[in-house]
Structures are given as structure tokens and as C-alpha cells.
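Subject: Structure for you to look at

Hello,

Here is the structure I promised to pass on. Please open it and read the notes below alongside it.

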Amino acid sequence: RRQTTPPTFTTMTETSNSNGADEPLFDFRDEKQKQNFFYSVLWILVTLFFVFPLASFLSPFWLILQIFEPFLPVLREATSFMDKFMTWPRKMGLAIYESRETFPNPLEETPTSS
């Protein structure tokens, strides 16, 4: 019977550098990393407790209005407005990933990369 050693996993707080020593993932002595971590946590909380519930509330109305949009052009503006809030979680995810300091406004147009 072959004996194997269990794999070792690094925790979220530690990683191995090139010489095998463990170092923290976040160095909270660095003010910029502290600030970035704070903004990431803040955007996660805003997303979970405000953005997701708002998008979930609007989604059935948005779906129903999509049906009538082709023959009631006045609804196009309403669905476009709701669409900005439906895609707001994507902007929040990007803000979380990039640790942005500015609030991701759903009504601002984001530049598209071509």
C-alpha cells in the first residue's frame, strides 16, 4: 500500500514567496492596502444589502415591460432606465475587484473597450 502525504494548502492570509517563506496576503501596515481592502468590503456590503435587492425587485417589471416595448415606444425609456439598475451589480463587481474609491454610479455611462 502506497503512503502519500496530504497536500498542503495556503490559507487566505498566507502565501509562499519564491524562497518558501510565508508572507501575508494583505500587509495592513501599508495604508494604501488598508484603504483598498476597506473599499472592497464596503462595496461588497452595498452590493449584498442594496444593489442585489434593488435589481431583484426591478427584474420582473423589467421583463414584463420588455414584451410591450416594441409597440409602445414610450416604454423604451423606462426599460432603458431600469436596465441601468439591472446591470449595476456588474459595475459593483468591477469596483470590488479594482478596490475603487469612487462609488459606482449606475446612471453613469461606462466607456466600452473596442
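E98 and R100 form a salt bridge, with their closest N and O atoms 2.7 Å apart. Keep in mind that this is a predicted model. E98 is partly exposed, because its relative accessibility of 43% falls between the 20% and 50% cut-offs. R100 is also partly exposed, at 29%.

S99 sits in the segment after α3. This residue counts as buried, because its relative accessibility is 15% and the cut-off is 20%. What does S99 touch, leaving aside its neighbours within four places in sequence? The contacts are N36, Y39 and S40.

A search of the whole structure gives 2 salt bridges. Besides the pair above, E69 and R76 meet through their side chains, at 3.7 Å from N to O. E69 is buried, with a relative accessible area of 17%. R76, in contrast, is partly exposed, at 42%.

Now to helix α2. It covers residues 74–86, 13 residues in total. From first C-alpha to last, α2 reaches 19 Å. That is close to the 18 Å expected at 1.5 Å a residue. Which residues of α2 are buried? They are L75, T79, M82 and F85. Viewed down the axis of α2, these buried residues fall within an arc of 105°, so they line one face of the helix. The general rule is that an α-helix has 3.6 residues a turn, so residues three or four places apart point the same way. The partners of the buried residues of α2 are α1 and α3, the latter spanning 88–98.

Last, the surface. Where is there a nonpolar patch? F37, V41, I44, L45, L48, F49 and F52 make one, with an area of about 640 Å². I44 counts as partly exposed, because its relative accessibility is 38%, between the 20% and 50% limits.

Then look down the axis of α2 to see L75, T79, M82 and F85 on one face. Finish on the nonpolar patch, with I44 as one of its residues.

Best wishes

Key: Residues numbered from 1 in each chain as written. Predicted model: local features only at pLDDT ≥ 70, side-chain atom pairs only at ≥ 80, totals over all residues. Heavy atoms only, no water. Patch = residues over 30% accessible without salt bridge, like charges linked within 9 Å, V, L, I, M, F, W, Y side chains within 5 Å. Areas by Shrake-Rupley, 256 points an atom, 1.4 Å probe, with all protein chains shown as cover. Salt bridge = Lys/Arg side-chain N within 4 Å of Asp/Glu carboxyl O. Buried < 20%, exposed > 50% of the residue type's maximum accessible area, 1.4 Å probe, protein only. Helix = DSSP H or I, 4+ residues; strand = E, 2+ residues; numbered from the N terminus. Expected span 1.5 Å × (residues − 1). Arc of directions from axis to C-beta. Contact = heavy atoms within 4.5 Å.
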